[in-house]
Amino acid sequence: MKKRLFFDFVLLCAVFYTPWWFVAVLAFFGVLFFSSFYEVIVFGALIDFLYGARTLSAMGMAGILGSVIVFALATYVKKIVR
C-alpha cells in the first residue's frame, strides 16, 4: 500500500514537472506493476484539466483517452506475460 501511495505521489509530481511522454511511460509502468491501477485515468483527466486545449474536438480529451489506452494496453500486456 505504501508503495502504491508513493508511486501516486511521484506520478502527481511528474504531471507538474515533466513532459507528457515521461508521465505516459510512468503511468504505463504503474499499470503494469500494480493491480487495478485506475488512478491513471484520474491523472489523465488532471493533465487535460491543466494543459488541455479548450476546443470542442476530441483532442481536448487527449489525456483521458491516452490514459484509457495506456490502461487497456498494459492490461493486455499483463495477460500475455502472466
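A residue counts as buried under 20% relative accessible area, as exposed over 50%, and as partly exposed in between. Keep that scale in mind for this model, which is a predicted one.

**The one salt bridge**

Search the whole structure and you get one salt bridge. Arg4 pairs with Glu39, and their closest N and O atoms sit 3.1 Å apart. The partners are 35 residues apart, so to speak a link between distant parts of the chain: Arg4 belongs to helix H1 (residues 2-17) and Glu39 to helix H3 (residues 39-51). Arg4 comes in at 19%, which makes it buried, because the cut-off is 20%.

| Residue | Relative accessibility | Class |
|---|---|---|
| Arg4 | 19% | buried |
| Phe37 | 1% | buried |

Which side chain of opposite charge is nearest to Asp8? That's Arg4, at 5.0 Å. Asp8 is buried yet has no salt bridge, because a salt bridge needs the nitrogen and the carboxyl oxygen within 4 Å. Leaving aside residues up to four places away in sequence, Asp8 touches Phe37, Glu39 and Phe43.

**Phe37 in the loop**

Phe37 lies in the loop between H2 and H3, and with 1% relative accessibility it's buried. Its C-alpha atom is 9.0 Å from that of Arg4, though 33 residues separate the two along the chain. Not counting residues up to four places away in sequence, Phe37 touches Arg4, Phe7, Asp8, Leu11, Gly30, Val31 and Phe71.

H3 runs for 13 residues and spans 18 Å from first to last C-alpha, close to the 18 Å expected at 1.5 Å a residue. Its buried residues are Val40, Phe43, Gly44, Ala45, Ile47 and Asp48. These pack against H1, helix H2 (20-33) and helix H4 (62-81).

Which element gives the most to the lining? H3 does, with six residues.

Definitions and conventions. Residues are numbered from 1 along each chain as its sequence is written. This is a predicted model: local features need pLDDT of at least 70, side-chain atom pairs count only at pLDDT 80 or more; totals for chains, interfaces and linings use all residues. Side-chain values use heavy atoms; hydrogens and water are left out. Helices (H or I, at least four residues) and strands (E, at least two) are DSSP runs, numbered from the N terminus. Buried means under 20% relative accessible area, exposed over 50%, partly exposed in between (1.4 Å probe, protein chains only). Lys and Arg count as positive and Asp and Glu as negative; His and the chain ends are not counted. Contact means heavy atoms within 4.5 Å. The expected span of a helix is 1.5 Å times one less than its number of residues.
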